[in-house]
Amino acid sequence: MAWVFLGIAGLLEIAWAYALKQSDGLSKPVEATIAIVAMIASFSVLALAMKSLPLGTAYTIWTGIGAIGAFLIGVMVLGEAATPLRIGSAALILAGIVGLKLASN
């Protein structure tokens, strides 16, 4: 169940990052509120995952899911550049996430 919690926490991190971007520096109340609520929810669900997962594994995978998700949202939704170096760097983060998951078994 801890891995499910960690996945949910990571998805919530993607949500708050996107909402924060859309809030235009917290100047849009609806988007800012969504960002803040998603942050709190993400931290809360991460805390549940950390009850049984090691700190280094849980935190690194959580931030990695958020980083990869934010990168994909940026490229696919916001039209940010998808240069070979950015894609390669994101692939390295993904490889690290997979490696940590495999090492935890």
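Predicted model: local features only at pLDDT ≥ 70, side-chain atom pairs only at ≥ 80, totals over all residues.

Q: What does Glu 80 form a salt bridge with?
A: Its partner is Arg 86, and the closest N and O atoms are 3.8 Å apart.

Q: How many salt bridges does a search of the whole structure find?
A: The search finds 1 salt bridge.

Q: OK, switching to rings. How many aromatic pairs are there?
A: A search of the whole structure gives 2 aromatic pairs. In one of them, Phe 43 and Trp 62 have ring centres 5.6 Å apart and planes at 50 degrees, so this pair is tilted.

Q: Where in the chain do Phe 43 and Trp 62 sit?
A: Phe 43 is in helix α2 (residues 29-49) and Trp 62 is in helix α3, so to speak of sequence, they are 19 residues apart and the pair links distant parts of the chain.

Q: And Trp 62, buried or exposed?
A: Trp 62 counts as buried, because its relative accessibility is 4% and the cut-off for buried is under 20%. Phe 43, at 45%, counts as partly exposed.

Q: Why is the pair of Tyr 59 and Trp 62 called tilted?
A: Because the planes of Tyr 59 and Trp 62 are at 50 degrees, with the ring centres 5.5 Å apart. That angle falls between the limits, since stacked needs under 30 degrees and edge-to-face over 60.

Q: How many residues apart are Tyr 59 and Trp 62 in helix α3?
A: They are 3 residues apart, which puts about one helical turn between them. Tyr 59 counts as partly exposed, at 43% relative accessibility.

Q: Which residues form the aromatic cluster, then?
A: Phe 43, Tyr 59 and Trp 62 form one cluster.

Q: What sits over the ring of Trp 3?
A: That would be the charged end of Lys 101, 4.3 Å from the ring centre.

Q: Last topic, the surface. Which residues form the nonpolar patch?
A: The patch is made up of Tyr 18, Leu 72, Met 76, Val 77 and Leu 78, and together they have about 460 Å² of accessible area.

Q: Where is Met 76 found?
A: Met 76 is in helix α3, which covers residues 55-76. Met 76 is also exposed, with a relative accessible area of 66%.

Technical notes: Residues numbered from 1 in each chain as written. Heavy atoms only, no water. Patch = residues over 30% accessible without salt bridge, like charges linked within 9 Å, V, L, I, M, F, W, Y side chains within 5 Å. Areas by Shrake-Rupley, 256 points an atom, 1.4 Å probe, with all protein chains shown as cover. Salt bridge = Lys/Arg side-chain N within 4 Å of Asp/Glu carboxyl O. Helix = DSSP H or I, 4+ residues; strand = E, 2+ residues; numbered from the N terminus. Buried < 20%, exposed > 50% of the residue type's maximum accessible area, 1.4 Å probe, protein only. Phe/Tyr/Trp six-rings, centres within 6.5 Å; stacked < 30°, edge-to-face > 60°. Lys NZ or Arg CZ within 6 Å of the ring centre and 35° of its normal.
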